[in-house]
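This report looks at how one protein chain is put together, from its overall fold to individual side-chain contacts. Please keep the sequence and the coordinates at hand while reading.

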Amino acid sequence: MKTPAYPVILGITLLSLTLPATALLTTTDAHSATWRETKCTLYQDNRDETRADMPANATSNAFNQQEDTFIASGCTERIYVCPHSKAELAYANLMSIKMMNAGATGSFLPFVCEGGLQTDQPTQ
């Protein structure tokens, strides 16, 4: 008696769908470490690109040093990079959009003020 082809085709299809998913489950930890490094590289690339279009003194020395410290940590330390001027806030907003478009979550970004956002100038 001949076996119908439908169950065999269904079995092969299901197997081809589950094998890649199983491979992903075994590489999650390695992927996470790589993604952390990738996000930091993306951050540095976006930073260089964004700052190239800005005047040299658009951001303060304190802001620049805070951001440099964040990058030097491999983008892993919780460093508060607090915008105080309109230019710093615009930069932080643009970087946030660029990084979130690249797949990073908002919690990855360093733009935080310990006491909340308090710019020296009105933001509107």
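## Overall architecture

The coordinates belong to a predicted model, and the values discussed here are computed from that model. The protein chain contains 4 helices and 0 strands, so that, read from the N terminus on, its elements follow the order α-α-α-α, with helices defined as DSSP runs of at least four residues.

Of the 124 residues in the protein chain, 27% are buried. The chain exposes about 8,500 Å², and carbon and sulfur atoms supply 59% of that area. Among the contacts in the protein chain with a separation of 6 or more, 70% are between residues 24 or more positions apart.

## The nonpolar core

The largest nonpolar core comprises 18 residues, and those with the most contacts inside it are Tyr43, Phe70, Tyr91, Met99, Phe108, Leu109 and Phe111. Two or more residues each are given to this core by α2, by α3 (61–72) and by α4 (86–101), and of these elements α4 gives the most, with 4 residues.

Methionine 99, one of the residues with the most contacts inside the core, touches Lys39, Leu42, Tyr43, Asn46, Ala104, Phe108 and Leu109 when residues up to four places away in sequence are not counted.

## Aromatic pairs

How many aromatic pairs does the structure hold? There are 7 aromatic pairs in the structure, and one of them joins tyrosine 43 and phenylalanine 70 in an edge-to-face arrangement, with 5.4 Å centre to centre and 75 degrees between the planes. This pair links distant parts of the chain, since tyrosine 43 is in helix α2 and phenylalanine 70 in helix α3, 27 residues apart. Tyrosine 43 counts as buried because its relative accessibility is 0%, and phenylalanine 70 counts as buried because its relative accessibility is 2%, the cut-off for buried being under 20%.

A second pair consists of phenylalanine 63 and phenylalanine 111, which counts as stacked because the ring centres are 6.3 Å apart and the planes are at 10 degrees. This pair, too, links distant parts of the chain, with phenylalanine 63 in helix α3 and phenylalanine 111 in the segment after α4, 48 residues apart. Phenylalanine 63 is buried, with a relative accessible area of 1%, and phenylalanine 111 is buried, with a relative accessible area of 18%. Ring pairs link Tyr43, Phe63, Phe70, Tyr91, Phe108 and Phe111 into a cluster.

Is arginine 47 buried or exposed? Arginine 47 lies in helix α2, which covers residues 28–52, and it counts as buried because its relative accessibility is 14%, under the 20% limit. Its side chain makes a polar contact with the side chain of glutamate 67, at 2.9 Å. With residues up to four places away in sequence not counted, arginine 47 touches Asn64, Glu67, Asp68, Ile71, Tyr91 and Met95.

Tyr91, which arginine 47 touches, is also a member of the ring cluster and one of the residues with the most contacts inside the core. Arginine 51, in turn, lies over the face of tyrosine 91, at 4.6 Å from the ring centre.

Note on methods
Residues are numbered from 1 along each chain as its sequence is written. This is a predicted model: local features need pLDDT of at least 70, side-chain atom pairs count only at pLDDT 80 or more; totals for chains, interfaces and linings use all residues. Side-chain values use heavy atoms; hydrogens and water are left out. Buried means under 20% relative accessible area, exposed over 50%, partly exposed in between (1.4 Å probe, protein chains only). A polar contact is a pair of N or O atoms within 3.5 Å; within protein, one must be able to donate a hydrogen and the other to accept it, and residues adjacent in sequence count only if both atoms are side-chain atoms. Contact means heavy atoms within 4.5 Å. Accessible areas come from the Shrake-Rupley method with a 1.4 Å probe; for residues, only the protein chains shown count as cover. A nonpolar core is a set of buried Ala, Val, Leu, Ile, Met, Phe, Trp, Tyr and Cys residues joined through side-chain atoms within 4.5 Å. Rings of Phe, Tyr and Trp (its six-membered ring) pair if their centres lie within 6.5 Å; planes under 30 degrees apart count as stacked, over 60 as edge-to-face and the rest as tilted. A charge sits over a ring if NZ of Lys or CZ of Arg is within 6 Å of the ring centre and within 35 degrees of the ring normal.
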